[in-house]
Amino acid sequence: MSKSVKRGSEDVSGNTAKKPCTGHWANGLLSAMEDPNLRVYGDEQVVVIKDKYPKAQFHFLVLPKIHIPNLKKLDESHVRLLEYMQEVGHKITQKKQFSDHNFRFGYHAEPSMNHLHLHVISDDFCSDSLKTKKHYNSFTTDHFIDSQKVIDSLKNTGKVTVPSREECEKFLKQPLVCFKCGEEMTTMPKLKLHLKSHIAGTWLAV
Ligand code: AMP
Ligand code: ZN
């Protein structure tokens, strides 16, 4: 069979992994990886895209080119790749334009989209696309698993243990708490206004 008619994706080493069909919304990241309007970096191993619905001022996704469905499919053979994804994400945040921002690097315990993706997100959570408690809590509770923690777990145990669906639901339903000062907020609009005041505080301090 010629390479061009092989099903699935192919990485540089010639390994193949079946990619799911791109038609379903949950597979949208597969087409996004090819979208020049979203793509900010690409090499033989990874692609970095801008998140189409950013939940902060700066929000990128780092995706491997080989198809890995999610965290549960990882084993120790993926350590180097995950370290590289982290490195690439880190490099992007080192650009001068981001020098005033802190970034979080991690994975959602229960992602909505197929194909493993590392979130690289500025921790201002200031964005029109951040609309719900679920959006906010998905990045500020244990629903967000730090990239280094995933790598360490793979090194130490050969797998990543993710919280159960019930635990994830609990994380997402937790009260809205400002991640900077710990103050509890009653609504998303109040939280967003409060978060903006922290940013304004930073600007005043400069
Ligand atoms: P997760 O909950 O970890 O699966 O997050 C998926 C991320 O992908 C979210 O932050 C979405 O805003 C983002 N997203 C969804 N659809 C697309 C798309 N077509 N292109 C780029 N990013 C997307
Ligand atoms: Zn606060």
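**View 1. Backbone atoms of K52, Y53 and S112 meet ligand 1 in this predicted model.** A backbone N or O atom of K52 lies 3.2 Å from a nitrogen atom of ligand 1. For Y53, a backbone N or O atom is 3.5 Å from an oxygen atom of the ligand. For S112, the distance from a backbone N or O atom to a ligand oxygen is 2.8 Å. Ligand 1 has 500 Å² of accessible area on its own, and the protein covers 88% of that. Accessible areas come from the Shrake-Rupley method with a 1.4 Å probe; for residues, only the protein chains shown count as cover.

**View 2. Four protein donors hold the zinc ion (ligand 2).** They are C178 (SG), C181 (SG), H194 (NE2) and H198 (NE2), at 2.0 to 2.3 Å. Donors are N, O and S atoms within 2.8 Å of the metal (3.2 Å for Na, K and Ca); water is not among the atoms, so sites may look incomplete. Along the chain, the donors follow the spacing C-x2-C-x12-H-x3-H. The arrangement is tetrahedral because the 4 donor atoms subtend angles of 103 to 122°. Four donors count as tetrahedral if all angles lie between 85 and 135 degrees. Ideal angles for four tetrahedral donors are 109.5 degrees.

View 3. Helices (H or I, at least four residues) and strands (E, at least two) are DSSP runs, numbered from the N terminus. H194 is buried at 14% relative accessibility. H198 is partly exposed at 21%. Buried means under 20% relative accessible area, exposed over 50%, partly exposed in between (1.4 Å probe, protein chains only).

**View 4. H115 and F125 have positive phi values.** Most residues other than glycine have a negative phi. H115 is not a glycine, yet its phi is about 80°. H115 is in the loop between β6 (103–108) and β7 (118–122), and is buried at 0%. F125 has a phi near 50°. F125 lies in the loop between β7 and α3 (133–140), and is buried at 1%.

**Notes.** Residues are numbered from 1 along each chain as its sequence is written, while chains are lettered from A and ligands numbered from 1 in the order in which they are written. In this predicted model, local features need pLDDT of at least 70, side-chain atom pairs count only at pLDDT 80 or more, and totals for chains, interfaces and linings use all residues; side-chain values use heavy atoms, with hydrogens and water left out.

Terms used: Tetrahedral: all angles 85-135°; square planar, octahedral: opposite > 155°, others 65-115°. Polar contact = N/O pair within 3.5 Å; in protein donor to acceptor, adjacent residues only side chain to side chain.
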